[in-house]
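Work through the exercises below with the model open. Try each task before reading its solution.

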Amino acid sequence: MPDLSLLPPSATIEGEDLRIGGCLLSDLAERFGTPAYVIDEGALRARAREYLTALTSRHPRGRVCFAVKAYPSVSMIRVLVSEGLGCDVVGAGELRLALEAGADPANIVMHGNAKSDADIEAALAARIGYIVIDGFDDIDRIERLAGPHTPADEGVPVLLRVSPGIESATHAALATGGKESKFGVPVEQVPAAIARMRAVPAIDLRGLHAHIGSQILATEQFEAAVAALASLERFGVYDFGGGLGVRYLPRDVAPSVDEYAGSLVDAAHRHLGADIEILIEPGRSVVAQAGLTLYRVLTVKQAGKLHVAVDGGMGDNLEPSLYGQRFSPFVVGHWDAEPVIADLVGRHCESGDVITPDVPLADPRIGDLVVVPATGAYCFTMSNNYNAALRPPVIYCDNGTARVGVRRETFEDLLR
(Lines give C-alpha, C1' and ligand atoms only; values in the text may rest on other atoms or scores of the structure.)
Protein backbone atom coordinates (compact mmCIF):
# COMPACT_ATOMS: atom_id res chain seq x y z
CA MET A 1 0.00 0.00 0.00
CA PRO A 2 1.26 3.53 -0.74
CA ASP A 3 1.91 5.88 2.14
CA LEU A 4 -1.12 8.16 1.89
CA SER A 5 0.39 10.58 4.42
CA LEU A 6 2.33 12.15 1.54
CA LEU A 7 -0.97 12.98 -0.22
CA PRO A 8 -3.65 15.51 0.71
CA PRO A 9 -5.84 14.41 3.67
CA SER A 10 -8.76 13.68 1.33
CA ALA A 11 -6.87 10.81 -0.35
CA THR A 12 -8.73 7.51 -0.09
CA ILE A 13 -8.29 4.18 -1.84
CA GLU A 14 -11.40 3.02 -3.63
CA GLY A 15 -11.08 -0.43 -5.16
CA GLU A 16 -8.35 -0.25 -7.77
CA ASP A 17 -8.57 3.54 -7.85
CA LEU A 18 -7.66 6.53 -5.71
CA ARG A 19 -9.86 9.48 -4.84
CA ILE A 20 -8.42 13.00 -4.32
CA GLY A 21 -10.66 15.91 -3.38
CA GLY A 22 -13.59 13.58 -4.04
CA CYS A 23 -12.47 12.86 -7.64
CA LEU A 24 -11.30 9.48 -8.94
CA LEU A 25 -7.89 9.64 -10.57
CA SER A 26 -8.98 7.33 -13.39
CA ASP A 27 -11.79 9.76 -14.23
CA LEU A 28 -9.37 12.70 -14.20
CA ALA A 29 -6.96 10.86 -16.52
CA GLU A 30 -9.78 9.99 -18.92
CA ARG A 31 -11.22 13.49 -18.94
CA PHE A 32 -8.06 15.64 -18.89
CA GLY A 33 -5.33 13.28 -20.09
CA THR A 34 -1.88 12.74 -18.66
CA PRO A 35 0.49 14.02 -17.50
CA ALA A 36 -1.55 16.37 -15.34
CA TYR A 37 -0.98 18.39 -12.21
CA VAL A 38 -3.77 17.70 -9.71
CA ILE A 39 -4.51 20.06 -6.80
CA ASP A 40 -6.75 19.29 -3.84
CA GLU A 41 -8.38 22.70 -3.48
CA GLY A 42 -9.82 21.96 -0.05
CA ALA A 43 -6.38 21.00 1.27
CA LEU A 44 -4.89 24.12 -0.29
CA ARG A 45 -7.44 26.40 1.37
CA ALA A 46 -7.01 24.64 4.70
CA ARG A 47 -3.25 25.13 4.53
CA ALA A 48 -3.64 28.86 3.87
CA ARG A 49 -5.96 29.18 6.87
CA GLU A 50 -3.57 27.13 8.99
CA TYR A 51 -0.75 29.56 8.23
CA LEU A 52 -2.85 32.63 8.99
CA THR A 53 -4.12 31.22 12.28
CA ALA A 54 -0.70 29.98 13.39
CA LEU A 55 0.86 33.41 12.89
CA THR A 56 -1.86 35.89 13.81
CA SER A 57 -3.07 34.00 16.90
CA ARG A 58 0.43 34.52 18.31
CA HIS A 59 1.14 37.91 16.76
CA PRO A 60 -1.90 39.88 15.55
CA ARG A 61 0.32 42.24 13.54
CA GLY A 62 1.34 39.39 11.31
CA ARG A 63 1.03 38.98 7.54
CA VAL A 64 1.38 35.86 5.41
CA CYS A 65 2.47 36.51 1.81
CA PHE A 66 2.46 33.53 -0.54
CA ALA A 67 5.75 33.17 -2.44
CA VAL A 68 4.33 33.28 -5.97
CA LYS A 69 7.47 31.67 -7.43
CA ALA A 70 6.34 28.35 -5.89
CA TYR A 71 3.26 28.28 -8.17
CA PRO A 72 3.05 31.28 -10.53
CA SER A 73 -0.49 30.75 -11.81
CA VAL A 74 -3.39 33.19 -11.59
CA SER A 75 -5.64 30.25 -10.67
CA MET A 76 -3.45 29.35 -7.69
CA ILE A 77 -2.93 32.91 -6.49
CA ARG A 78 -6.66 33.63 -6.74
CA VAL A 79 -7.47 30.76 -4.35
CA LEU A 80 -4.86 31.81 -1.79
CA VAL A 81 -5.73 35.52 -1.96
CA SER A 82 -9.37 34.62 -1.35
CA GLU A 83 -8.23 32.96 1.89
CA GLY A 84 -6.51 36.14 3.08
CA LEU A 85 -2.91 35.68 1.96
CA GLY A 86 -0.84 38.43 0.42
CA CYS A 87 1.82 37.86 -2.23
CA ASP A 88 5.60 37.83 -2.38
CA VAL A 89 6.60 38.44 -6.01
CA VAL A 90 9.87 38.48 -7.89
CA GLY A 91 9.84 41.04 -10.69
CA ALA A 92 7.17 42.58 -12.87
CA GLY A 93 5.95 39.26 -14.29
CA GLU A 94 4.89 37.74 -10.98
CA LEU A 95 3.48 41.11 -9.94
CA ARG A 96 1.27 41.09 -13.04
CA LEU A 97 -0.01 37.61 -12.14
CA ALA A 98 -0.78 38.66 -8.55
CA LEU A 99 -2.69 41.76 -9.63
CA GLU A 100 -4.62 39.79 -12.25
CA ALA A 101 -5.58 37.30 -9.52
CA GLY A 102 -7.05 40.11 -7.42
CA ALA A 103 -4.31 40.55 -4.85
CA ASP A 104 -4.45 43.81 -2.90
CA PRO A 105 -1.35 45.83 -3.93
CA ALA A 106 -0.90 46.86 -0.29
CA ASN A 107 -0.35 43.17 0.57
CA ILE A 108 2.31 42.59 -2.10
CA VAL A 109 6.06 42.51 -1.44
CA MET A 110 8.53 42.56 -4.36
CA HIS A 111 11.90 40.81 -4.27
CA GLY A 112 14.67 40.37 -6.79
CA ASN A 113 18.44 40.36 -6.54
CA ALA A 114 18.73 42.11 -9.92
CA LYS A 115 15.65 44.24 -10.49
CA SER A 116 15.34 46.08 -13.79
CA ASP A 117 13.93 49.55 -14.32
CA ALA A 118 10.77 47.85 -15.58
CA ASP A 119 10.44 45.85 -12.33
CA ILE A 120 10.81 48.94 -10.16
CA GLU A 121 8.45 50.99 -12.31
CA ALA A 122 5.79 48.26 -12.17
CA ALA A 123 6.03 48.13 -8.37
CA LEU A 124 5.87 51.91 -8.10
CA ALA A 125 2.90 52.19 -10.46
CA ALA A 126 0.96 49.52 -8.54
CA ARG A 127 1.89 51.14 -5.20
CA ILE A 128 2.64 47.79 -3.59
CA GLY A 129 3.18 47.32 0.13
CA TYR A 130 6.97 47.00 0.13
CA ILE A 131 9.83 46.91 -2.33
CA VAL A 132 12.67 44.86 -0.86
CA ILE A 133 16.01 46.60 -1.36
CA ASP A 134 18.51 43.91 -2.35
CA GLY A 135 21.52 46.14 -2.95
CA PHE A 136 22.71 49.68 -3.59
CA ASP A 137 21.57 49.57 -7.24
CA ASP A 138 17.95 49.21 -6.07
CA ILE A 139 18.35 52.42 -4.08
CA ASP A 140 19.69 54.25 -7.12
CA ARG A 141 16.83 53.03 -9.31
CA ILE A 142 14.11 54.03 -6.86
CA GLU A 143 15.70 57.45 -6.40
CA ARG A 144 15.72 57.94 -10.19
CA LEU A 145 12.28 56.49 -10.97
CA ALA A 146 10.07 57.30 -7.97
CA GLY A 147 9.14 60.89 -8.88
CA PRO A 148 6.13 60.37 -11.20
CA HIS A 149 4.65 57.63 -8.97
CA THR A 150 5.16 59.03 -5.47
CA PRO A 151 3.42 62.04 -3.87
CA ALA A 152 5.88 64.71 -2.76
CA ASP A 153 5.09 64.16 0.93
CA GLU A 154 5.43 60.37 0.79
CA GLY A 155 8.33 58.00 0.39
CA VAL A 156 8.30 54.58 -1.25
CA PRO A 157 7.94 52.00 1.56
CA VAL A 158 10.89 49.62 1.44
CA LEU A 159 12.54 46.85 3.44
CA LEU A 160 16.28 46.14 3.39
CA ARG A 161 17.21 42.53 2.70
CA VAL A 162 20.10 41.46 4.91
CA SER A 163 22.36 38.54 4.11
CA PRO A 164 22.86 37.24 7.67
CA GLY A 165 25.73 34.86 6.89
CA ILE A 166 23.78 31.73 7.89
CA GLU A 167 24.72 28.57 5.98
CA SER A 168 21.42 26.69 5.79
CA ALA A 169 21.23 22.91 6.03
CA THR A 170 19.63 22.46 2.62
CA HIS A 171 20.69 21.92 -1.00
CA ALA A 172 23.28 24.50 -2.07
CA ALA A 173 20.99 25.82 -4.81
CA LEU A 174 18.28 26.50 -2.21
CA ALA A 175 20.47 28.28 0.36
CA THR A 176 20.11 32.06 0.17
CA GLY A 177 21.49 33.50 3.41
CA GLY A 178 25.19 32.58 3.37
CA LYS A 179 28.15 34.92 3.33
CA GLU A 180 28.64 34.57 -0.42
CA SER A 181 24.95 34.64 -1.39
CA LYS A 182 23.89 36.77 -4.35
CA PHE A 183 20.88 37.88 -2.28
CA GLY A 184 20.76 40.82 0.10
CA VAL A 185 23.27 43.16 1.67
CA PRO A 186 26.04 41.62 3.81
CA VAL A 187 25.76 42.51 7.48
CA GLU A 188 28.89 44.66 7.43
CA GLN A 189 27.42 46.82 4.63
CA VAL A 190 24.02 47.34 6.28
CA PRO A 191 24.87 50.64 8.07
CA ALA A 192 26.05 52.17 4.80
CA ALA A 193 22.92 50.99 2.99
CA ILE A 194 20.69 52.45 5.71
CA ALA A 195 22.54 55.78 5.56
CA ARG A 196 22.24 55.86 1.77
CA MET A 197 18.46 55.25 1.90
CA ARG A 198 17.93 57.90 4.55
CA ALA A 199 19.62 60.40 2.26
CA VAL A 200 16.94 59.79 -0.41
CA PRO A 201 13.67 61.66 0.31
CA ALA A 202 11.75 59.32 -2.02
CA ILE A 203 12.55 56.28 0.14
CA ASP A 204 10.79 55.38 3.38
CA LEU A 205 12.79 52.59 5.06
CA ARG A 206 10.34 50.64 7.22
CA GLY A 207 12.31 47.56 8.27
CA LEU A 208 14.56 44.60 7.61
CA HIS A 209 14.21 41.34 5.73
CA ALA A 210 16.04 38.01 5.76
CA HIS A 211 15.37 34.77 3.90
CA ILE A 212 17.91 32.01 4.49
CA GLY A 213 16.72 29.39 2.00
CA SER A 214 14.15 26.78 1.08
CA GLN A 215 13.32 23.23 2.25
CA ILE A 216 14.64 23.95 5.75
CA LEU A 217 13.67 21.32 8.31
CA ALA A 218 15.14 22.76 11.53
CA THR A 219 13.35 25.68 13.18
CA GLU A 220 16.57 26.66 14.95
CA GLN A 221 17.83 28.08 11.65
CA PHE A 222 14.89 30.47 11.44
CA GLU A 223 15.55 31.52 15.04
CA ALA A 224 19.16 32.26 14.11
CA ALA A 225 17.98 34.57 11.33
CA VAL A 226 15.82 36.49 13.81
CA ALA A 227 18.78 36.87 16.14
CA ALA A 228 20.96 38.11 13.28
CA LEU A 229 18.48 40.85 12.40
CA ALA A 230 18.12 41.78 16.07
CA SER A 231 21.86 42.56 16.19
CA LEU A 232 21.26 45.48 13.82
CA GLU A 233 19.41 48.77 14.16
CA ARG A 234 15.81 48.31 15.35
CA PHE A 235 12.82 48.91 13.08
CA GLY A 236 9.06 48.53 13.14
CA VAL A 237 8.74 45.87 10.41
CA TYR A 238 10.52 42.54 10.03
CA ASP A 239 10.09 40.13 7.15
CA PHE A 240 11.50 36.71 8.03
CA GLY A 241 11.04 35.19 4.57
CA GLY A 242 9.85 31.63 4.11
CA GLY A 243 11.62 28.33 3.59
CA LEU A 244 9.81 25.79 5.77
CA GLY A 245 10.51 22.32 4.35
CA VAL A 246 8.02 19.55 3.58
CA ARG A 247 7.96 15.74 3.46
CA TYR A 248 8.77 14.14 0.10
CA LEU A 249 9.45 10.61 1.37
CA PRO A 250 7.73 8.53 4.07
CA ARG A 251 10.81 8.72 6.29
CA ASP A 252 11.04 12.53 6.13
CA VAL A 253 10.24 14.60 9.20
CA ALA A 254 9.22 18.25 8.84
CA PRO A 255 8.06 20.78 11.45
CA SER A 256 4.37 21.57 11.42
CA VAL A 257 3.19 25.06 10.50
CA ASP A 258 2.23 25.56 14.13
CA GLU A 259 5.69 24.54 15.35
CA TYR A 260 7.33 26.83 12.80
CA ALA A 261 5.16 29.83 13.69
CA GLY A 262 5.58 29.23 17.41
CA SER A 263 9.36 29.06 17.14
CA LEU A 264 9.58 32.12 14.90
CA VAL A 265 7.25 34.33 16.94
CA ASP A 266 8.86 33.30 20.23
CA ALA A 267 12.27 34.28 18.84
CA ALA A 268 10.92 37.57 17.49
CA HIS A 269 9.29 38.50 20.79
CA ARG A 270 12.43 37.52 22.71
CA HIS A 271 14.86 39.43 20.51
CA LEU A 272 12.76 42.26 19.03
CA GLY A 273 9.65 42.71 21.18
CA ALA A 274 5.95 42.21 20.51
CA ASP A 275 5.19 45.65 19.01
CA ILE A 276 6.60 44.95 15.52
CA GLU A 277 4.91 43.98 12.28
CA ILE A 278 5.94 40.46 11.18
CA LEU A 279 5.79 39.21 7.60
CA ILE A 280 6.46 35.65 6.45
CA GLU A 281 6.63 34.39 2.86
CA PRO A 282 5.86 30.65 2.69
CA GLY A 283 5.70 29.00 -0.73
CA ARG A 284 6.67 25.33 -0.86
CA SER A 285 5.03 24.53 2.47
CA VAL A 286 1.72 26.05 1.34
CA VAL A 287 1.30 24.17 -1.92
CA ALA A 288 3.62 21.14 -2.09
CA GLN A 289 1.44 18.48 -0.48
CA ALA A 290 -1.82 19.83 -1.86
CA GLY A 291 -0.59 18.72 -5.28
CA LEU A 292 0.38 15.55 -7.12
CA THR A 293 1.33 14.66 -10.69
CA LEU A 294 -0.59 12.00 -12.56
CA TYR A 295 1.21 10.04 -15.32
CA ARG A 296 0.56 7.01 -17.49
CA VAL A 297 3.14 4.27 -18.06
CA LEU A 298 4.39 4.12 -21.66
CA THR A 299 7.19 1.55 -21.48
CA VAL A 300 8.55 -1.11 -19.12
CA LYS A 301 12.08 -2.13 -20.09
CA GLN A 302 14.71 -4.39 -18.55
CA ALA A 303 18.22 -3.11 -19.39
CA GLY A 304 20.59 -3.92 -16.55
CA LYS A 305 17.85 -2.62 -14.30
CA LEU A 306 14.13 -2.10 -14.70
CA HIS A 307 13.12 1.20 -16.32
CA VAL A 308 9.48 2.23 -16.02
CA ALA A 309 8.90 5.19 -18.34
CA VAL A 310 5.92 7.53 -18.07
CA ASP A 311 4.53 10.19 -20.40
CA GLY A 312 6.15 13.10 -18.58
CA GLY A 313 9.42 13.67 -16.73
CA MET A 314 11.84 16.58 -16.66
CA GLY A 315 9.47 18.64 -18.80
CA ASP A 316 7.09 18.84 -15.84
CA ASN A 317 9.40 18.10 -12.88
CA LEU A 318 12.93 19.49 -12.86
CA GLU A 319 13.50 19.02 -9.13
CA PRO A 320 15.28 15.65 -9.48
CA SER A 321 17.61 17.09 -12.14
CA LEU A 322 18.34 20.38 -10.37
CA TYR A 323 18.35 19.38 -6.73
CA GLY A 324 18.57 15.59 -6.65
CA GLN A 325 15.16 15.57 -5.00
CA ARG A 326 13.68 12.11 -4.50
CA PHE A 327 9.95 11.43 -4.58
CA SER A 328 7.77 8.51 -3.51
CA PRO A 329 5.76 7.49 -6.60
CA PHE A 330 3.36 4.57 -6.78
CA VAL A 331 1.23 2.69 -9.30
CA VAL A 332 -2.51 3.25 -8.92
CA GLY A 333 -4.23 -0.08 -8.19
CA HIS A 334 -2.25 -3.32 -7.89
CA TRP A 335 -2.39 -2.55 -4.17
CA ASP A 336 -1.58 -6.13 -3.13
CA ALA A 337 1.03 -6.82 -5.82
CA GLU A 338 4.62 -7.56 -4.86
CA PRO A 339 6.67 -4.43 -5.64
CA VAL A 340 9.68 -4.46 -7.94
CA ILE A 341 12.62 -2.08 -7.68
CA ALA A 342 12.80 0.18 -10.74
CA ASP A 343 13.90 3.56 -11.97
CA LEU A 344 10.84 5.69 -12.68
CA VAL A 345 11.99 7.64 -15.73
CA GLY A 346 10.55 10.19 -18.12
CA ARG A 347 10.11 10.32 -21.88
CA HIS A 348 12.66 13.04 -22.56
CA CYS A 349 15.82 12.35 -24.57
CA GLU A 350 18.31 12.58 -21.72
CA SER A 351 19.67 9.94 -19.35
CA GLY A 352 19.21 12.39 -16.49
CA ASP A 353 15.44 12.31 -17.01
CA VAL A 354 14.81 10.19 -13.91
CA ILE A 355 11.88 11.09 -11.67
CA THR A 356 13.11 8.77 -8.89
CA PRO A 357 15.66 5.94 -9.08
CA ASP A 358 15.51 2.59 -7.27
CA VAL A 359 11.94 2.94 -6.12
CA PRO A 360 9.47 0.11 -5.33
CA LEU A 361 6.61 -0.02 -7.85
CA ALA A 362 3.78 -2.53 -7.65
CA ASP A 363 3.68 -4.65 -10.84
CA PRO A 364 3.98 -1.71 -13.30
CA ARG A 365 2.42 -2.30 -16.72
CA ILE A 366 1.90 -0.25 -19.86
CA GLY A 367 -1.20 1.91 -19.45
CA ASP A 368 -1.09 2.01 -15.64
CA LEU A 369 -1.55 5.32 -13.87
CA VAL A 370 1.33 6.49 -11.69
CA VAL A 371 1.05 9.11 -8.95
CA VAL A 372 3.96 11.25 -7.74
CA PRO A 373 2.94 12.95 -4.47
CA ALA A 374 4.12 16.32 -3.14
CA THR A 375 4.66 17.97 -6.53
CA GLY A 376 2.55 21.04 -5.76
CA ALA A 377 5.59 23.32 -5.44
CA TYR A 378 8.00 24.39 -8.18
CA CYS A 379 7.10 21.63 -10.67
CA PHE A 380 4.55 23.79 -12.48
CA THR A 381 6.93 26.73 -12.00
CA MET A 382 9.75 25.12 -13.94
CA SER A 383 7.71 23.20 -16.52
CA ASN A 384 9.20 23.47 -19.98
CA ASN A 385 9.02 22.34 -23.60
CA TYR A 386 11.98 19.96 -23.77
CA ASN A 387 11.53 17.77 -26.88
CA ALA A 388 8.61 20.06 -27.80
CA ALA A 389 6.53 18.47 -25.05
CA LEU A 390 3.32 20.26 -24.14
CA ARG A 391 3.08 21.55 -20.60
CA PRO A 392 0.41 19.76 -18.52
CA PRO A 393 -2.88 21.17 -17.31
CA VAL A 394 -3.59 22.09 -13.70
CA ILE A 395 -6.75 20.45 -12.38
CA TYR A 396 -8.37 21.57 -9.12
CA CYS A 397 -10.50 19.00 -7.28
CA ASP A 398 -12.94 19.94 -4.56
CA ASN A 399 -15.86 17.95 -3.12
CA GLY A 400 -15.98 15.69 -6.16
CA THR A 401 -15.88 18.49 -8.73
CA ALA A 402 -12.90 18.94 -11.04
CA ARG A 403 -12.14 22.19 -12.83
CA VAL A 404 -9.34 23.38 -15.09
CA GLY A 405 -7.12 26.02 -13.54
CA VAL A 406 -4.61 26.00 -16.40
CA ARG A 407 -5.45 24.23 -19.65
CA ARG A 408 -3.04 21.86 -21.34
CA GLU A 409 -0.71 23.60 -23.75
CA THR A 410 -1.42 22.96 -27.44
CA PHE A 411 0.87 22.62 -30.44
CA GLU A 412 -0.62 25.89 -31.67
CA ASP A 413 0.60 27.55 -28.48
CA LEU A 414 4.02 26.04 -29.06
CA LEU A 415 4.20 27.26 -32.64
CA ARG A 416 3.21 30.77 -31.60
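**Exercise 1.** How many residues does the largest nonpolar core have, and which have the most contacts inside it?

*Solution.* Start with the ground rules. This is a predicted model, where local features need pLDDT of at least 70, side-chain atom pairs count only at pLDDT 80 or more, and totals for chains, interfaces and linings use all residues. Numbering runs from 1 along each chain as its sequence is written, and side-chain values use heavy atoms, without hydrogens and water.

Next, the term. A nonpolar core is a set of buried Ala, Val, Leu, Ile, Met, Phe, Trp, Tyr and Cys residues joined through side-chain atoms within 4.5 Å. Buried means under 20% relative accessible area (1.4 Å probe, protein chains only).

The largest core has 107 residues, and Leu44, Phe66 and Leu160 have the most contacts inside it. Helix H9 (257–272) gives the most, with eight residues. Helices here are DSSP runs of H or I, at least four residues, and strands are runs of E, at least two, numbered from the N terminus. A second, separate core has 20 residues, including Leu7 and Leu292.

**Exercise 2.** Which residues of helix H6 are buried?

*Solution.* In H6 (136–145), they are Asp138, Ile139, Ile142 and Leu145. Look down the axis: the buried residues fall within an arc of 150 degrees (taken from the directions from the helix axis to the C-beta atoms), so they line one face.

**Exercise 3.** How many disulfides does the structure hold?

*Solution.* Apply the cut-off: a pair of cysteine sulfur atoms within 2.5 Å. The count is zero. For Cys87, the nearest cysteine sulfur, in Cys65, is 7.3 Å away.

Notes:
Buried means under 20% relative accessible area, exposed over 50%, partly exposed in between (1.4 Å probe, protein chains only).
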